Amino acid sequence: MLVRFAYLAVTHAFAALRLLRMTDREKDVEILALRHQLTVLQRQLGNQRPRLRSEDRALLAALLSPLSRMALHLWDSRTLH
């Protein structure tokens, strides 16, 4: 599990570095594409919840911790509808 988490951390660090070179327009396009992928996956899963591994949960917790509760609440309410 520790090796998997380290791998995820390194790959996401490189992805973050790639974001530094992207324009706002490119970031917006990528966000729209990711939101579409998420919508498709939610439609395919139906009422099932995605199965996350412990390293996925740890990475999500690390990424979401800087966000304010208000931002998380707004994001959660938009994805539920």
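In the predicted model, Glu30 is partly exposed, its relative accessible area amounting to 27%, and its side chain takes part in a salt bridge with Arg18 in which the closest N and O atoms are 3.1 Å apart. Because Glu30 belongs to helix α2 (residues 24-45) whereas Arg18 belongs to helix α1, this pair ties together parts that are twelve residues apart in sequence. Arg18 is likewise partly exposed, with a relative accessibility of 44%.

Since Glu55 is located in helix α3 (residues 54-64) and Arg4 in helix α1 (residues 2-21), the contact ties together parts that are 51 residues apart in sequence. As regards solvent accessibility, Glu55 has a relative value of 7% and therefore counts as buried, the cut-off for that class being under 20%, while Arg4, with a relative accessible area of 31%, is partly exposed.

The side chain of Glu55 also meets that of Arg53 in a salt bridge, with an N to O distance of 3.6 Å; Arg53 is partly exposed, at a relative accessible area of 46%.

Note on methods: Residues are numbered from 1 along each chain as its sequence is written. This is a predicted model: local features need pLDDT of at least 70, side-chain atom pairs count only at pLDDT 80 or more; totals for chains, interfaces and linings use all residues. Side-chain values use heavy atoms; hydrogens and water are left out. Helices (H or I, at least four residues) and strands (E, at least two) are DSSP runs, numbered from the N terminus. Buried means under 20% relative accessible area, exposed over 50%, partly exposed in between (1.4 Å probe, protein chains only). A salt bridge is a side-chain nitrogen of Lys or Arg within 4 Å of a carboxyl oxygen of Asp or Glu.
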